[in-house]
Amino acid sequence: MNIQDKNQAFEKIPDKEDRVELVSWECGRLILLMLLFFAIVINLVPFRALNFQSGMSGYPAIAKLAKLGIISGDTISHRRGLYLALKQTAPRTNIILPTGCSLDIAQLYGLGRAETVIYRNYDPKTIFPDFNPSNHVVAAFNGSRRLGPGPFAIAKNEGKPVTMIVLKRNYVWYIVDTSLLPLNDAFREHQ
Amino acid sequence: MIFVELFTILTLLIGGSFLIRTSGIQGWILPSLGFVMGIALMLILGTIQVVTNQPTTPVSTLFLTLLIPIGIWLWFYNKGKTSFFRIVPAIMVLSAFTAAIIVLHAAKLLNLTPDSYRYAQVGSLFESGNMGFAQASLLLKRLIAVPLMHAPANLADHFFLTSITPLLALATAAILAWFCQKGLQVKQDSWWAVYLFPIAAALLLTTNQFFVYNAFYVNGHILYAVLLLLITGSSWLYACNADVSKTALKLILFLTIPALIVTRPEGGLHVGLVLIPVFVSSAFPLRLKALLSAVLGTSILIWNGFLWVNFSAAGQNAPIAVTGMFCGGLFAFLFIPFLYSRLVHYMTPRLLSVTEIVLWAGLVIAALLEPKVFTVSIHATIINIFFGRGMWGFSLIMIGALFIGILIFSNTPARIFLRFPITTFIPLGLLLAHLREVPYRASMFDSFNRMFLHILPLAILFIVSSAATHRWGFFITKPSSKIDKQRFEA
């Protein structure tokens, strides 16, 4: 027997004598149809562990059926909230990071929607001696949650991309609009 | 935002519909199939943009997705080999899609998890032309398909298209019903069976709560499920000699294979596995088998080669998964001359049984080497499926019972094309836990639990296809000859 015959056999259905008939063809497919509709009913039976709404609200990591763009502390883990806040509050900004900063550039471009991200060798303490978070903070994050009531009044200066810098003090990230800060001349020229 | 969403979805619908229409598909399935084919074409074009380091923007990807099919259609139209769409149905379909997009956009129903933000990140990098900043490890895990689907949302300063996944889920149900109908028409002569069974299949899928959850979930499970369904369903219809244009079935295979490979990390391995019945079947011409192998090999090599280069550029060694898949892609190419050699005579249906035995044996060996991974994974899977933690309720149990019953008591032509991907799924899924060296967990967000969704439409198609069986019963005679044995294996 050649390969062609073998394969044709593989695709044929068995002969009648291969089987003991349990029910007729018509009866069989009617039973199958009834079983299918029974399975559909089973799908619709309220099942505690399956409850769509409670399943979603009961698990903190599940984002909810929510308005797009709402940032939830439950949904956003770790620093992702910072990047998403950047996207929401300061889209297309130029971001200056201190050299050695551990922020993820791919996330700043991706989730943060930054226009450009550059590293500068600067020490926040010398550049911003008068830095006062209560006056200047645009957005501050500790882990996943935004801290303080700081207004998100950035990226609104005539539609032009603003320059943001990122600071980290006492384990809190600050995203600061440079136009709001008394920058020293050296840094301003460096921009 | 609504305009971006309308533009994106309608572009995919129109582009895909022109393409699939040119290949000979007509009737009620055209919009659903066209929409999925549009997505598959966009994924291929977007991937080419990424791997060739071209400027990336969804605008160019979408325009190419629209213009290439229209160009192909015009070429065939001028030759008189295809016809124009009927105006009234076309307007009705466009209106229905527009209304659905507006409603879904207004509803803003989205399920988001941390994974979704990873996809959003890559999509945003694609749109802003910053793919160079995407780490290789991120691309290895998230790949490019889901980010490409949602990337156009960034044009309106959003991350996600709210309507694309729900529409894809509806298209999946429609395509499942179409496969059922076309498959049953081969052997069924009762009009009610040809209509009722497909409707039951679509209802069984769309009433599944895990499916509904995923219809609004920003992840790639629905996309993976529909692409897998298209590959296996098209192979099945082709082998059955169903009343469907073979050019269309071939086109579906050529487009869905690369798209699936860039959807999930296990995509290449899975496609290779589900194509084995195609390679051993005589229903497929040798040239088509060689072309399918070439498409498979090229897609795997291009994507994994791209990852390899990215890892090297970052000064890292490529993980074993990338190297392994790269070798798999090379094997797919080496398989082509094998098809034309005398060795092809060893390609018998027995190879399917051998493959299943190898997978189970591999799992046994892996379980002996890493018993903890195996036992924890099995325990978690049982809790997920049988005790409701996986959010499947009774649905998987019911479908599993139907599947086993039908496997025993019925037989339909060429159903091996549908059965093989399902029965190999369990050992393959459990082996993946050993390959990643992390056991599965008891949660609805466990990878294996979510992967069951990939074969759900296929399992329903398998169950419904048995309505065409000509005899309900069980075997009594032992096969005496080789040919009989092969019948039993089928």
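Here is a set of questions and answers about a predicted model.

Q: Which helix of chain A has the lowest mean pLDDT among the elements of that chain, and which the highest?
A: The lowest mean pLDDT, 37, belongs to helix α3 (residues 52-57) of chain A, while the highest, 88, belongs to helix α5 (residues 105-110) of chain A. The elements of chain A are eight helices and seven strands.

Q: What are the confidence values for chain B, and what does the model score as a whole?
A: Chain B has a mean pLDDT of 90, and 96% of its residues reach 70 or more. There is still a stretch to watch: over residues 477-490 of chain B the pLDDT is below 50, with 24 contacts in the model beyond near neighbours in sequence. The model scores ipTM 0.85 and pTM 0.88.

Q: Why is α11(B) called roughly antiparallel to α20(B)?
A: Helix α11 (residues 221-240) of chain B and helix α20 (residues 416-423) of chain B have axes that come within 8 Å and cross at roughly 150°. Angles over 145 degrees count as roughly antiparallel, so α11(B) is roughly antiparallel to α20(B).

Q: Which residues make the contact of α11(B) with α20(B), and how do they divide into nonpolar, polar and charged?
A: From α11(B) come B:Thr232, B:Ser235, B:Trp236 and B:Ala239, and from α20(B) come B:Phe417, B:Leu418 and B:Pro421. They divide into five nonpolar, two polar and no charged.

Q: Why is B:His105 called buried?
A: Its relative accessible area is 13%. Buried means under 20%, so B:His105 is buried. B:His105 has its place in helix α4 (residues 87-107) of chain B. Not counting residues up to four places away in sequence, B:His105 touches B:Met1, B:Ile2, B:Glu5 and B:Thr162.

Q: How do you know that B:Asn304 counts as buried?
A: The cut-off for buried is under 20% relative accessible area, and B:Asn304 has 7%, so B:Asn304 counts as buried. Look for B:Asn304 in helix α15 (residues 286-313) of chain B. Leaving aside neighbours within four places in sequence, B:Asn304 is in contact with B:Val322, B:Met325 and B:Phe326.

Q: What makes B:Ser137 partly exposed?
A: B:Ser137 has 47% relative accessibility, so it counts as partly exposed. B:Ser137 sits in helix α6 (residues 136-142) of chain B. B:Ser137 and B:Leu307 are 170 residues apart in sequence and 8.5 Å apart in space, C-alpha to C-alpha.

Q: What makes helix α13 (residues 267-274) of chain B mostly covered?
A: Six of its eight residues are buried. They are B:Gly267, B:Gly268, B:His270, B:Val271, B:Leu273 and B:Val274.

Q: What is the phi of A:Arg113, and why is A:Arg113 called buried?
A: A:Arg113 has a positive phi of about 55° although it is not a glycine. A:Arg113 lies in the loop between α5 and β3 (116-120) of chain A. With a relative accessible area of 1%, A:Arg113 is under the 20% cut-off and therefore buried.

Q: What is the phi of B:Asp157, and why does B:Asp157 count as partly exposed?
A: B:Asp157 is not a glycine, yet it has a positive phi of about 65°. B:Asp157 lies in the loop between α7 (145-150) and α8 (164-187) of chain B. At 26% relative accessibility, B:Asp157 falls between 20% and 50%, so B:Asp157 counts as partly exposed.

Q: How many disulfides does the structure hold?
A: It holds zero disulfides over all chains. A disulfide is a covalent bond between the sulfur atoms of two cysteines.

Note on methods:
Residues numbered from 1 in each chain as written. Chains lettered and ligands numbered in written order. Predicted model: local features only at pLDDT ≥ 70, side-chain atom pairs only at ≥ 80, totals over all residues. Heavy atoms only, no water. Axes fitted to C-alpha atoms, helices over the stretch in contact; angles between N-to-C directions. Helix = DSSP H or I, 4+ residues; strand = E, 2+ residues; numbered from the N terminus. Parallel < 35°, antiparallel > 145°, perpendicular 65-115°, else oblique. Contact = heavy atoms within 4.5 Å. Nonpolar A, V, L, I, M, F, W, Y, C, P; charged D, E, K, R; others polar. Disulfide = S-S within 2.5 Å. pLDDT = per-residue confidence, 0-100. Buried < 20%, exposed > 50% of the residue type's maximum accessible area, 1.4 Å probe, protein only.
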